[in-house]
Amino acid sequence: MKACLLRAPAAVESNPLEFTDVPVPRPSAGEVLVRINCCGVCRTDLHVVEGELESRKSPVIPGHQVVGTVEELGEGASRFRVGARVGIAWLHHTDGTCRYCRAGAENLCDAPSFTGWTVDGGYAEKIVAPENFVYPIPDNFRDEQAAPLLCAGIIGFRSLRLSGIEPGGRLGFYGFGAAAHVAIQVARHWNVEVYASTRDERHRRLARELGAVWTGGTFDAPPEPLDAAVVFAPAGETVPAALAALRKGGTLVLGGIHMSPIPSFSYDLLYGERVIRSVANNTRQDGEDFLRLAAAIPIETHVEIFPLAEANRALNSLKNDAIEGAAVLQIR
């Protein structure tokens, strides 16, 4: 089968993904083999490709926002029928026995595996995954529209939950890429006012189109104190600016898996019982709850389509903020 293989991390400008033939994976017991239709392109993929996340498998096939159809069942697998349309996300497997899994916090599992980082992912024609970590895709989403929901959507949703934002509240977004353009639709559905701070005018325009009550540059002060804020941009220098925009008792959520160093800042920005917390992965319950809500709203994703063979070009566009919404690889 065809796949985009990363043999060693490198700057995306060097086009490090090799479009090549690799063996078709075989499903083990409890797994399904999925023929991939689309795979979203996530900033986490960029961190994997460029080595900002430590290499865990080499070579590796990146990608973790997979939509496809079940083609084969491993021994004992019975959750899905052959031909079912399914999604595969970042959290590939957990041990189910550590203190975090037992407490319902499997996103913090001590021995997890991750799609497209520690195991092969979705920049390919086929993929295997444990059936218990696979999601049914709601019927009202086309494949390319569903793909960004599987990470950008789920992580954005978890960020909103952890922010504690309530109906009528004021919520700030720092960065307005794939995750934010989905999360704003959830926030507006919850009757939350959204204030979007981002460096690109195209992204500010999209934020306004999706219902933001105010947009500005990354370091512009919103006109009102915020009850909560989410930093989606992997830029540590945004953290002090976001803290400065919060009211007393407000919560700042850091929604990425990797961030550049956070500069020192005055304790006065944190004083007043402001809270900073990170988002680490997601639970399967997050995914199930979000996909159900996404179908009910319904969420409309803005996507730019690339063929699988041009995954390097998609990642370069993502790195240079040239994607309005989300990039998606179309496999077939």
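## Around the end of α9

Just after helix α9, D321 adopts a positive phi of about 55°; helices (H or I, at least four residues) and strands (E, at least two) are DSSP runs numbered from the N terminus. This is a predicted model, in which local features need pLDDT of at least 70 and side-chain atom pairs count only at pLDDT 80 or more, while totals for chains, interfaces and linings use all residues. Residues are numbered from 1 along each chain as its sequence is written, and side-chain values use heavy atoms, with hydrogens and water left out.

Helix α9 is largely enclosed by the rest of the structure, because 7 of its 9 residues are buried (buried means under 20% relative accessible area, exposed over 50%, partly exposed in between, with a 1.4 Å probe and protein chains only). The buried residues of α9 are A311, N312, A314, L315, N316, S317 and L318, and their cover includes β1 (2–6), β2 (17–21), β3 (31–41), α1 (43–49), β16 and β17 (326–330).

L308 lies in the loop between β16 (303–307) and α9 (311–319), and L308 is buried at a relative accessible area of 6%. Apart from neighbours within four places in sequence, L308 is in contact (heavy atoms within 4.5 Å) with K2, C4, F19, Y123, A124, L329, Q330 and I331.

In one of them the side chains of R199 and D321 meet at 2.4 Å, N to O. This pair links distant parts of the chain, with R199 in the loop between β11 (193–197) and α6 (201–209) and D321 in the loop between α9 and β17, 122 residues apart. R199 is exposed at 64% relative accessible area, whereas D321 counts as buried at 15%.

E324 forms a salt bridge with R205, with the closest N and O atoms 3.3 Å apart. Here too distant parts of the chain are linked, E324 being in the loop between α9 and β17 and R205 in helix α6, 119 residues apart. E324 counts as partly exposed at 30% relative accessibility, and R205 counts as partly exposed at 35%.

## Packing of α4 and α8

Helix α4 (residues 152–163) and helix α8 (residues 284–296) pack at an angle of about 100°, with their axes 9 Å apart; axes are lines fitted to C-alpha atoms, for helices over the stretch in contact, and angles run from 0 to 180 degrees between N-to-C directions. The two helices are therefore roughly perpendicular to each other, a term that covers 65 to 115 degrees, where under 35 counts as roughly parallel, over 145 as roughly antiparallel and the rest as oblique. The contact is made by G153, I154, F157, R158 and R161 of α4 and by D286, G287, D289, F290 and L293 of α8.

Within α8, R292 forms a salt bridge with D289, the closest N and O atoms being 2.6 Å apart; these residues are 3 residues apart, about one turn of the helix. R292 is exposed, with a relative accessible area of 53%, while D289 counts as buried at 15% relative accessibility. Salt bridges that share partners join R158, R161, D286, D289 and R292 into one network.

Conventions: Salt bridge = Lys/Arg side-chain N within 4 Å of Asp/Glu carboxyl O.
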